[in-house]
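Please have a look at the model below. My notes follow as numbered points.

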Amino acid sequence: MLRVEGVWFRYENDDEVLRDVSLTIPRGGLVGVIGPNGSGKSTLLRLLGGLSTPSRGYLTLDDDDLTSLSRRTLACRVAMVPQETQLAFEYSVLEIVMMGRYPHLGAFSIEGPDDYRIVTRALESTGTAHLSARLFTTLSGGEKQRVVIASALTQLHGPRHTGTQLLLLDEPTASLDLGFQLEITELVRTLNAQGITVIVSTHDLNLASSLCHELVLLREGRVLAAGATTDLLTRNNVRALYGVEAQMTRNAATGHTLVVPIARTQPGQGL
Amino acid sequence: MSVRRRFFVTQALFGGGTLLVCCLAPLIGPTTISLTRVFDTAIPFAENVDAQIFFIARLPRMLAGALVGATLASAGVVLQALLRNPLATPFTLGVSAGASLGAMIVIIFGVRLSFLGVPATPLASFAGSLVAVGLVYSLARARGRGLSTNVLLLAGVTLNSLFSATILFVQYLADFSESFRAIRWVMGNLDVSSYDPILSALPMVGLAFVAFATLPRTLNLLALGTDHAATRGVNVLAAQRLAFVSASLATGAAVSVGGPIGFIGIIVPHIVRLLVGADHRVVLPASAMLGAAFLVTCDVGARTLMSPVELPVGVITALLGGPFFLWLLIRHS
């Protein structure tokens with residue numbers, strides 16, 4: 001279980017990005033974080049991934065204080081997939097996925113058969129096994145995203161730890177075309193079904209609607225609402241979040257709420 | 001092939017090749033020497049010209065070449081990963097020039113300090129390279145996501161001309177014979193003709209390589225970006241500092257022996273990456289070995305190509321490295 005209690009955060013010489021954020025995310029949850037640009041989505045994910053520490057408040061994972069865990073320990077329990085991965089050198093897909101084993105190995109050790117098994121499983125479950133010998137830079141956007149997710153999975157796979165495994169995805173479909181978006185959505189759903197707790201930040205309300213069990217609505221660094229997706233995806237909330245008038249319909253095929261934006265009702269925040 | 005197998009096979013091949021080059025190099029030169037005479041203990045050393053050439057002129061020179069080549073190539077690999085740019089090297093970033101300046105100040109002003117047995121020259125070149133790497137590194141940090149090639153090259157040009165100007169100024173203050181000796185710190189030359197500079201640099205080289213040995217896996221992740229590395233469990237700040245200090249140590253030590261010999265740090269790692277891929281656990285040791293073999297070979301060229309005149313080895317590496325660097329620039333843009 002992940003707990004965020006009264007968390008405030010500001011970057012150096014800047015205004016508060018997160019203001020008094022409190023959340024509880026159960027083990028095995030699949031949670032979407034939505035909100036306009038500058039609402040603090042990415043910052044919240046960075047805090048959960050241990051990349052920044054809150055200026056006030058607490059973050060706990062299975063009752064352990066996140067900020068007191070060493071980088072290595074934290075990495076065995078929380079993995080993050082950034083929006084984009086740019087390489088300075090030509091690594092192969094296998095090498096990238098293998099790098100997920102970093103927190104489990106010492107400085108001088110070389111990966112053994114166990115690590116290979118874990119990597120092979122991650123490649124298979126993300127549908128990237130056939131790419132393993134390819135150079136990462138030659139892959140398409142969707143393939144890259146799946147490989148980075150595979151790398152994150154090998155990172156979470158540790159024999160010592162049996163608690164919550166948290167996967168953070170920062171706008172995983174932002175630069176992908178429709179086909180790849182569906183692929184990634186399906187992959188995330190499968191991983192969640194295997195017991196991994198997933199938090200996704202996204203701009204795509206329909207993605208959030210079809211994928212996430214629960215939503216966190218962020219505006220100007222504050223939690224506007226948090227709860228079940230079906231309860232929160234309403235006209236009023238979309239208006240309050242984005243200043244956009246939208247029509248909500250129910251998709252007959254999947255039963256998910258479909259958000260159709262109609263018009264902007266108030267000017268943007270200019271962030 | 002598993003990583004383990006590939007690692008050992010690659011290192012064995014590179015190690016064997018380097019050993020071969022290092023054994024052959026002292027035998028080649030304008031004067032032909034016979035190995036049987038070199039090791040013939042029946043002839044007193046004072047009369048054994050072959051042994052004198054071998055032990056006083058060529059062997060220290062080969063050792064210096066191997067040491068400097070291995071060190072500069074490894075420092076290149078580390079800096080490239082640290083700054084996330086394959087065009088970063090001690091020479092192009094101005095780190096070698098900083099080290100040269102440090103060494104030259106000590107020599108020209110005759111500073112006679114030593115610290116834990118390490119004499120002033122290598123210490124001063126370490127200080128010089130530390131200042132230069134520090135400037136580049138803080139520039140990179142201030143700009144966040146690594147250094148773009150443009151900024152990197154501009155920073156290098158600026159630092160290089162700043163240090164070169166200071167070197168010229170210091171030279172101007174010195175008398176003629178001192179400034180003749182100081183040529184090494186401008187051009188790069190392996191004509192050590194004694195084991196002393198090698199021995200004095202050795203502790204720093206040793207320390208740098210111990211640090212390098214802990215780095216490869218971390219360098220792989222730093223090359224993906226600092227955020228990425230941090231979420232994978234890397235203590236980014238500590239890793240960057242270790243990489244930054246050890247690369248400065250290595251460059252300082254190398255420059256104290258041979259001056260600012262250029263382009264080793266870029267030619268060698270690139271060739272290695274083309275041959276074995278990008279994994280730093282293979283690239284770093286292989287680059288050290290190929291660096292040694294490469295510089296020893298270049299030095300054989302420097303000694304023999306225009307014989308009896310000797311070229312500074314820095315001229316050879318620059319003639320090879322300059323076009324190579326341009327080709328890389330064109331390929332990367």
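1. Ground rules. Two residues count as in contact if their C-beta atoms, placed from the backbone, lie within 7 Å. This is a predicted model, in which local features need pLDDT of at least 70 and side-chain atom pairs count only at pLDDT 80 or more, while totals for chains, interfaces and linings use all residues. Residues are numbered from 1 along each chain as its sequence is written, and chains are lettered from A and ligands numbered from 1 in the order in which they are written.

2. Contacts in chain B. Take the contacts in chain B with a separation of 6 or more. Residues 24 or more positions apart account for 79% of them.

3. Confidence. The pLDDT is the predictor's confidence in each residue, from 0 to 100. Chain B has a mean of 86, with 92% of its residues at 70 or more. Within chain B, helix H14 (residues 280-304) has the highest mean, 94, and strand E1 (residues 114-115) the lowest, 66. For the model, ipTM is 0.86 and pTM is 0.88.

4. Make-up of chain B. There are 15 helices and two strands in chain B. Helices (H or I, at least four residues) and strands (E, at least two) are DSSP runs, numbered from the N terminus. Chain B has a radius of gyration of 20 Å, close to the 20 Å of the globule rule for 333 residues, so it is as compact as a globular protein of that length. That radius is taken over C-alpha atoms, and the rule is 2.2 Å times the number of residues to the power 0.38. Along the principal axes, the C-alpha atoms of chain B fill a box of roughly 65 × 55 × 40 Å.

5. Burial. A residue is buried if 20 or more other C-beta atoms lie within 10 Å of its own, exposed if 12 or fewer, and partly exposed in between. In chain B, 53% of the 333 residues are buried.

6. Helix H9 of chain B. Does its length or its bend deserve a check? The 19 residues of H9(B) (residues 196-214) should span 27 Å at 1.5 Å a residue, and the end C-alpha atoms are 29 Å apart, which agrees. The expected span is 1.5 Å times one less than the number of residues. H9(B) bends by about 40 degrees at Leu202(B), and Pro203(B) follows within four residues. The bend is the angle between axes fitted to the seven residues ending at a residue and the seven starting there. Buried residues of H9(B) include Pro197(B), Ile198(B), Met204(B), Val205(B) and Phe212(B).

7. A sheet in chain A. Four strands make an open antiparallel sheet, in the order E2-E1-E4-E5 (chain A). Strands E2 (16-25) and E5 (64-65) of chain A are the edges, each pairing on one side only. Pairing requires at least two DSSP bridges between two strands. E4(A) (residues 56-61) and E5(A) pair over two bridges. Leu61(A) is opposite Asp64(A) of E5(A).

8. The A-B contact. Each side is listed: 25 residues from chain A and 25 residues from chain B. On the chain A side, helix H2 (71-77) and strand E6 (78-81) of chain A give two or more residues. H2(A) gives the largest share, three residues.

9. Backbone angles to check. Most residues other than glycine have a negative phi. Asp20(A) has a positive phi of about 50 degrees. Asp20(A) is in strand E2 of chain A and, with 14 C-beta neighbours inside 10 Å, is partly exposed. Glu220(A) also has a positive phi, near 50 degrees. Glu220(A) lies in the loop between strands E9 (214-219) and E10 (222-228) of chain A. Its 17 C-beta neighbours inside 10 Å make Glu220(A) partly exposed.
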